[in-house]
Amino acid sequence: MSLSKRIPVFLLRLLALGASVSATVVMVTSRDSAEVFNMKFDAKYTNSPTFKYFALINAIASGYTLILLFFPSKSSCGHFILVLDLIIALLLDSSISACLAIGQVGKNGNSHAGWLPICGQVPKFCNHVTGALVAGFVAAVVYFLILLYTLHNVMNLFTFNG
Amino acid sequence: MASGEEKTEVARSQVPVKGSKVELVVVLLRFIAFFATLSATLVMALNKQTKTITVATIGTVPVRATLTAKFHHTPAFVYFVIANGNASLHNLLMLVVTFMGAKCNFKRLAPLAIPILDLMNVSILSGGASAAVFMGQLGRNGNSHARWNKICDKFESFCDRSGGAMIASFIGLMLMIIICSLSIIKTLRNNHNSDKLVPNSSVVP
């Protein structure tokens, strides 16, 4: 592939690497504790399997992006890399979606189920997790763009003659 | 140029080419995925359970409260229903285009719209399915750290039905991932073939 095609993908992958690494790190370091009515609230990311899944998927995505950054682009592996890109983009998408669902319950509660919001008691944890989710969302969007761009390169868009 | 087009038309109408087996597989998978996502949408949308439980007892008179569990109490399930409805509509549209679109000559960017639409719907469907799964896991097990009680011990049939809808949605999701990869590969192959023959080729999804 020519240099003009490789540079945008390289920049996008760099951006995705930064986003997924920061999402992982911020989620793993989120912690807060509070004492309400002699009950100790200790909020960590391991308390919820959703957040563990989010941290795991973002770690996998950052490792994969790191490996691909140093990968010489040959056309023989192009299709295989496309399928792997699709899988990683779908996993990132599912992890951010699940975390947003759980985070919404944590922030607003669910009156029908009798679940109280916890963001009032552990605000630092909530803000930390919000930052991690923003980074994860950016990573998911950038990966979708990478996928579209890889499709564009492999399919030679705009050479369809009408 | 004209003889090349005739050759393409003749080849497509007569002997089944190797590509038509892939098309048949894609059509079959789309049928199954359409029914899977449609059943997931319907089961979750009609998911409702009402239960009267005793909240307190005043003297000997029990105070009863009627609690309802509906799918639209949770934004995750609402997103699940919308995503599955969207995916089933997309599959229906693609099936219609497959059967009616053989006469139409798709030019320029239209053959590219199908893999891209497939990609977008797969993403949305995966987001909806996973959000519903994690919300269901929260409802089934609760979260002791956040003092959130589980609700599945009171509303068993609600939980079972939503679990069935999630299974159907995941079957649809797996099939749609396969369909997406197959349609991308098919578009790639059509692109390479059309580079050799004529620039104008009709593509059937």
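I took a salt bridge to be a side-chain nitrogen of Lys or Arg within 4 Å of a carboxyl oxygen of Asp or Glu. I noted that the model is predicted, that local features need pLDDT of at least 70 and side-chain atom pairs pLDDT 80 or more, and that totals for chains, interfaces and linings use all residues. Residues are numbered from 1 along each chain as its sequence is written, chains are lettered from A in the order in which they are written, and side-chain values use heavy atoms, without hydrogens and water.

**Entry 1: salt bridges**

I searched the whole structure and found five salt bridges over all chains. I then looked up A:R13, which forms a salt bridge with A:D85; their closest N and O atoms are 3.1 Å apart. This pair links distant parts of the chain, 72 residues apart, with A:R13 in helix α1 of chain A and A:D85 in helix α3 of chain A. Helices here are DSSP runs (H or I, at least four residues), numbered from the N terminus.

**Entry 2: α1(A) against α2(A)**

I compared helix α1 (residues 3–28) with helix α2 (residues 49–69), both of chain A, and found a packing angle of about 150° and axes 8 Å apart. The two are therefore roughly antiparallel (angles over 145 degrees). Axes are lines fitted to C-alpha atoms over the stretch in contact, and angles run from 0 to 180 degrees between N-to-C directions. The crossing of α1(A) and α2(A) is left-handed (the near helix is turned anticlockwise from the far one by less than a right angle).

I listed the residues in contact (heavy atoms within 4.5 Å): α1(A) contributes, among them, A:F10, A:R13 and A:L14, and α2(A) contributes residues including A:F51, A:F54 and A:N58. By class, this contact has 15 nonpolar, five polar and one charged residues. Ala, Val, Leu, Ile, Met, Phe, Trp, Tyr, Cys and Pro count as nonpolar, Asp, Glu, Lys and Arg as charged, and the others as polar.

**Entry 3: α2(A) against α3(A)**

I found α2(A) and helix α3 (residues 78–108) of chain A packed at about 155°, with axes 9 Å apart. These helices are therefore also roughly antiparallel, and α2(A) passes α3(A) in a left-handed crossing. Residues of this contact include A:F54, A:N58 and A:Y64 of α2(A), and A:D85, A:I88 and A:C99 of α3(A). They divide into 17 nonpolar, four polar and one charged.

**Entry 4: chain B and chain A**

I counted 40 residues from chain B and 39 residues from chain A in the contact. The chains bury about 3700 Å² between them, 72% of it on carbon and sulfur atoms. Buried area is the accessible area (1.4 Å probe) lost on putting the two parts together, summed over both.

Note on methods: Angles under 35 degrees count as roughly parallel, over 145 as roughly antiparallel, 65 to 115 as roughly perpendicular and the rest as oblique.
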